[in-house]
Amino acid sequence: MKSNEEMIAGRQLYPANNSGFSNLDKSVTVGHKVNILHVILGLVLVILVSLFMTGFGYQPWWVLGLIILVGIFITLPTCFSGYWQINKNGITVLSYSSNDVMKLMQLLHIKKIYTKSYLFENITKAEITYRKKVRISPIDFNPDFFKLNLTVNNKVIQLELGNIQAKDLVEIVVIFNTHGVAVYDRQQIIGLLEENKSLFNHFHNGKWASL
């Protein structure tokens, strides 16, 4: 097992420096905040696609109604996901209900989105991880598991990193470090991103992972 000094030298550990947060206005958002205008445009698109699929009135009205309902209450909510933000106080995670109807109401601001905050003082460790998703079908295009794992009060909280850019990930590491939180990067992911390398190609060796 490598020592901390070896991991620091190999850019696998970014130690806490407890220097304090110098820029109080600095924050990084991972994911996309949903604009209600995008949701409304999505509703309009669902209706137009439904009309097109039913021949603009050629099919019975109940067929059109069924397709519209499926598009609005099942398909549309899956197009949006939660996000999280790191700022001067800690981490704020904003997420939606797993119930499609409730999620749609949250997207339309009828119901409040779920919010959970984690203060830096309660975070003891952070780790960047990438894990391959084993696919049982050649049409499974879901992404691999690219996460930031936080140890908070002896519990592990997993945050999606998605398509984060190298500069944003480095900024997150700096913010953690200045608040006394060490960040582990055993797979040297930051270096790969800084070299503009594809994480998928690197960890899959150019092959599609399947059973």
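Two strands pair if DSSP finds at least two bridges between them. Helices (H or I, at least four residues) and strands (E, at least two) are themselves DSSP runs, numbered from the N terminus. The structure is a predicted model, in which local features need pLDDT of at least 70 and side-chain atom pairs count only at pLDDT 80 or more, while totals for chains, interfaces and linings use all residues. Residues are numbered from 1 along each chain as its sequence is written, and side-chain values use heavy atoms, with hydrogens and water left out.

Strand 2 and strand 3 pair in the antiparallel sense over 3 bridges, and Val28 has Ile86 of strand 3 as its bridge partner. Strand 3 also pairs with strand 4, again in the antiparallel sense, over 4 bridges. Here Gln85 stands opposite Thr92 of strand 4. Strand 3 and strand 4 form a hairpin, with 3 residues between them.

Ile86 in strand 3 has a relative accessible area of 0% and therefore counts as buried; buried means under 20%, exposed over 50%, and partly exposed in between, with a 1.4 Å probe and protein chains only. Leaving aside neighbours within four places in sequence, Ile86 is in contact (heavy atoms within 4.5 Å) with Lys26, Ser27, Val28, Ile91, Phe120, Ile172, Ile175 and Phe176. One of these residues, Ile175, is 89 residues away along the chain, and its C-alpha atom is separated from that of Ile86 by 8.2 Å. Trp84 has contacts of its own beyond four places in sequence, among them Val28, Val30, Ile91, Val93, Leu148, Leu159 and Ile172.

The next topic is the nonpolar interior. In soluble globular proteins, nonpolar side chains tend to be buried together. A nonpolar core is a set of buried Ala, Val, Leu, Ile, Met, Phe, Trp, Tyr and Cys residues joined through side-chain atoms within 4.5 Å. The largest such core has 34 residues, and Trp84, Ile91, Ile128, Leu148 and Phe176 have the most contacts inside it. Elements giving two or more residues to this core include strand 2 (28-30), strand 3 (83-86), strand 4 (90-95), strand 6 (123-131) and strand 7 (145-152), together with helix 5 (166-178). Helix 5 gives the most, with 6 residues. A second, separate core has 12 residues, including Val34, Leu64, Ile72 and Phe80.

Strand 6 and strand 9 pair in the parallel sense over 2 bridges, and Ala126 has Val183 in strand 9 as its bridge partner.

Charged pairs come next. A salt bridge is a side-chain nitrogen of Lys or Arg within 4 Å of a carboxyl oxygen of Asp or Glu, and a search of the whole structure finds 5 of them. In one, the closest N and O atoms of Arg186 and Glu127 are 2.6 Å apart. Arg186 lies in the loop between strand 9 (183-184) and helix 6, and Glu127 in strand 6, so the pair ties together parts that are 59 residues apart in sequence. Arg186 is partly exposed at 38% relative accessible area, whereas Glu127 is buried at 18%.

Lys147 and Glu160 also meet in a salt bridge, at 2.4 Å from N to O. This pair links Lys147 in strand 7 with Glu160 in strand 8 (residues 155-160), 13 residues apart. Lys147 is buried, with a relative accessible area of 12%, and Glu160 is partly exposed, at 46%. In a further salt bridge, the closest N and O atoms of Lys167 and Asp168 are 3.4 Å apart. Lys167 counts as exposed at 61% relative accessibility, and Asp168 as partly exposed at 23%.

The surface also carries a nonpolar patch. Patches are made of residues with over 30% relative accessible area and no salt bridge, with like charges joined within 9 Å and nonpolar side chains (Val, Leu, Ile, Met, Phe, Trp, Tyr) within 5 Å. Trp61, Trp62, Leu66, Leu69, Val70, Phe73, Ile74 and Val101 form this patch, with about 840 Å² of accessible area together, by the Shrake-Rupley method with a 1.4 Å probe, where for residues only the protein chains shown count as cover. Helix 3 (residues 61-75) gives the most to the patch, with 7 residues. Val101 is in helix 4 (residues 100-107) and is partly exposed, with a relative accessible area of 40%.
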